[in-house]
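Student: Could you walk me through how the packing terms are applied here?
Tutor: Gladly, let us take them one by one.
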Amino acid sequence: MAYYLLKRLIATIPVMLVVAVFIFLLLRLTPGDPAAMIAGDFASEAQVAEIREKLGLNDPLLVQFGIWIGNIFQGDLGESFFFKKQVTDLIMARIEPTLSLSVVTIILTVSIAVPMGVVAAYRQGTWLDRTVMAFSVLGFSIPVFVIGFAFIYIFSLELKWLPVQGYQRLSEGVGGWLKHLILPSLALSVIFVAFIARMTRTSVLEVLGEDYIRTARAKGQTETKVLVRHALRNAAVPIVTVIGFAFAILIGGVVVTESVFNIPGLGLLTVDAVLNRDFPTIQAVVLLFSMIYVLINLIIDLSYTVLDPRIRY
Amino acid sequence: MTEAVALSPTQLTLRRVFGHPSVLIGGSLVLVICLMAIFAPFLGTIDPNLNSTSTRLKPPGYEGVMKIYTDEGRVKVPVTYRLGSDTLGRDVYSRVIYGARISLVVGVSVAAISIFLGMIIGLVAGYFRRLDGFIMRIMDGLMAIPAILLAIAVVSVFNAGLTSVIIAIVVPEVPRVVRLVRSMVLSIREEPYVEAAITAGTRVHLLLIRHILPNTLAPLIVQGTFIVASAIIVEAILSFLGLGIPADEVPTWGNIMGAARENFQLHPHQILYPGVILAVTVLAVNMLGDGLRDTLDPRFAKRV
C-alpha cells in the first residue's frame, strides 16, 4: 500500500509538470508582447518596460520558468496586476465561498443521485426508470447558468422563498449561510446528479444479476438490505470513479455558478482576472484547481481498497 | 424480413440508424435549428445589431417606433418586439434567431477540428510506440486542467472573438479524442489483417489511412456529435461570462443572456428565451449522439 501510494504520488509529478509548463507558456508564447498586452493600450513605453522587467521577460525562457516554479514552491504566486495584492492572499480570502458551494453541492448530489440510480436499476424498464433516464439526458443538456436563472426566477423572484444572489459567511450564522447556498448548489448539482445517477443505475444493474444477490434474497434478507448492503456496496467502485471524473465538471460549474449567483469565490475571481487580463491570478487559479482535481482523483484511487477489500495494492 | 437479404451492409446500417427514435427526434430537431439559422433573415427578423435608445427594455409583444441614427440623420422605423428589446433597444427575437448561427458554427467547427487533430495525434501515438509515452503524458497533463477552466485560460491570452473561442474550446477536447483514437489503434494494430498488410509491405501512411483509420470512424462520429453539444455549451458559457464573443459584434445565445443579466429581475424572459432554445439545441444534439452510439457503436452502447 505504501509502495503504491508512493508510485501514484510520483506519477502525478509529470502530469502537474505539464500543467505548469502549459500555464507558463500560455502567456509567453502568445502572439505579440505580453508586457504591452498587460499594460493596455494607453501605457507609455516606460510602463511597458517596467512590466517586462517585473515579469522577468528579458531572461531566457528556461530561467523564467525556473524562477516561476521556484517561487510557487515557496508559496509565492506573484502579485496581482489588477488587485495589486499578493495572489496567495487573494485566493485565501476567496476560498471559503467556493469550498462551501462545492461541499454542499457534493452532499446534495450524492444524496439525490445515488438513491435515484439505485431505484432506477431496481425498477428497470418501468416509468420510474424512464423518468430517471430522461432526467439524466435533460440534466446533461441544460447549461448550469440557465438552470441557475430559472431557479432564481421561480424560487427568489416569484415565490420569494430564498435570497436572489450573494453570499453570507459561515461565521455570520449557519442559517443565512445555507439559505444563500441552497439555490446555487441545487443548480450546480443538476448536471452532476444526471451523470452520477446514470452511472449508479448501470453499475447497480450489473451487480443485481450476480449470484450473491440471489443468495441474499434466498436467505430471506429484506430488499432494502439486499440493495444497500449487497448491491450498492459492490457497485461502489465505478460510482466513486465517476464522482472523481465529475469533479472537473464541478470545478467548471463553480466558475459559472458563482457568476450567476454573485458569490465572491474563486470562480468569480477567475472571471474578474480574465476580464482584466490579470495573468498571475489566472495562472494561480488554474494551477490550484488542476492540483485539486488531480489530488481528488488520487484520493479516490486510494479509496478503492476501503470500498472493495478485494482490491489490494 | 426476406427482403433484407438483398440489402447491402451499408443500407442495413443506415436503416438501423435512421430507425432509432433518438436519432429521428434529435436529428429532426437539429435540422429545424439548422434551417432556422440559415433562413434567419426570412423569419420576420430585423438587423440584430440595430439599436434604438428610445425603445429600450420593452416587454414582449411591444409595438413602437425605433429611432435610428444614420449618416443621413434620424430614421424612424416601426417595429414589433416579439420577445421584447434589450438595454440598447435591440430586438431580442432577432438576436435569438441569429444566435443559432454562432452556436452551430462553433459546435461544428470545434468538433471537426478536434476530431481532425485528435485523429492525427492519436494515430501517431497508437502506432509509433516510441512517441506514445511522450504524447500521452502531455495529453494527461492537459486533461488534468478542468475543461472550462482551460478554455478560459486560453481565451484570456487572445482577443475576444469567434476564432479565439473556437481555439479555446478545441484545446481541451483534443486530448479526449487522442485517447479514444489511440486506444482503438492499439487494438486494431493487433488484428490479423493489419499484420497481413505489414507483411505485404504496405507503406506506413497507407497502412494508417487505408487499414486502420476506417475502423475508427464510427466511434469518432459518435464522439464528434457529443463534442458539438459540449462546444455549444462552452461557447455559451464563455460568451455569457463576457469572455467569448462580444455582444456588439455578433449575437450569440450566451452573450444575449450575459447582456440581460443586470436587468434579470425586471426582464427575466430575456435570459429564459435564449436559455430554453440553447437547452433544446444541446438536448437535440445529445439525443442524436445517444442514438448514433446505440446504432453505430455497439461496444459503447453496452457500457452506459
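Predicted model: local features only at pLDDT ≥ 70, side-chain atom pairs only at ≥ 80, totals over all residues.

Tutor: Residues are numbered from 1 along each chain as its sequence is written, chains are lettered from A in the order in which they are written, and side-chain values use heavy atoms, without hydrogens and water.

Student: Why is H9(B) called roughly antiparallel to H10(B)?
Tutor: H9 (residues 253-260) and H10 (residues 269-296) of chain B pack at about 155°, with axes 8 Å apart. Angles over 145 degrees count as roughly antiparallel, so H9(B) is roughly antiparallel to H10(B).

Student: Which residues of H9(B) make the contact?
Tutor: B:Trp253, B:Ile256, B:Met257 and B:Ala260 do, where contact means heavy atoms within 4.5 Å. On the H10(B) side, the residues include B:Pro274 and B:Leu278.

Student: What makes up this contact of H9(B) with H10(B) by class?
Tutor: Eight residues are nonpolar, three polar and no charged.

Student: How much area do chain A and chain B bury between them?
Tutor: About 3,800 Å², 81% of it on carbon and sulfur atoms; buried area is the accessible area (1.4 Å probe) lost on being put together, summed over both parts. Chain A gives 46 residues to the contact and chain B gives 45.

Student: What makes B:Asp290 and A:Arg198 a salt bridge?
Tutor: Their closest N and O atoms are 4.0 Å apart. The definition asks for a side-chain nitrogen of Lys or Arg within 4 Å of a carboxyl oxygen of Asp or Glu, so the pair counts as a salt bridge. The count between chain A and chain B is one.

Terms used
Axes fitted to C-alpha atoms, helices over the stretch in contact; angles between N-to-C directions. Helix = DSSP H or I, 4+ residues; strand = E, 2+ residues; numbered from the N terminus. Parallel < 35°, antiparallel > 145°, perpendicular 65-115°, else oblique. Nonpolar A, V, L, I, M, F, W, Y, C, P; charged D, E, K, R; others polar. Buried area = accessible area lost by both parts, 1.4 Å probe.
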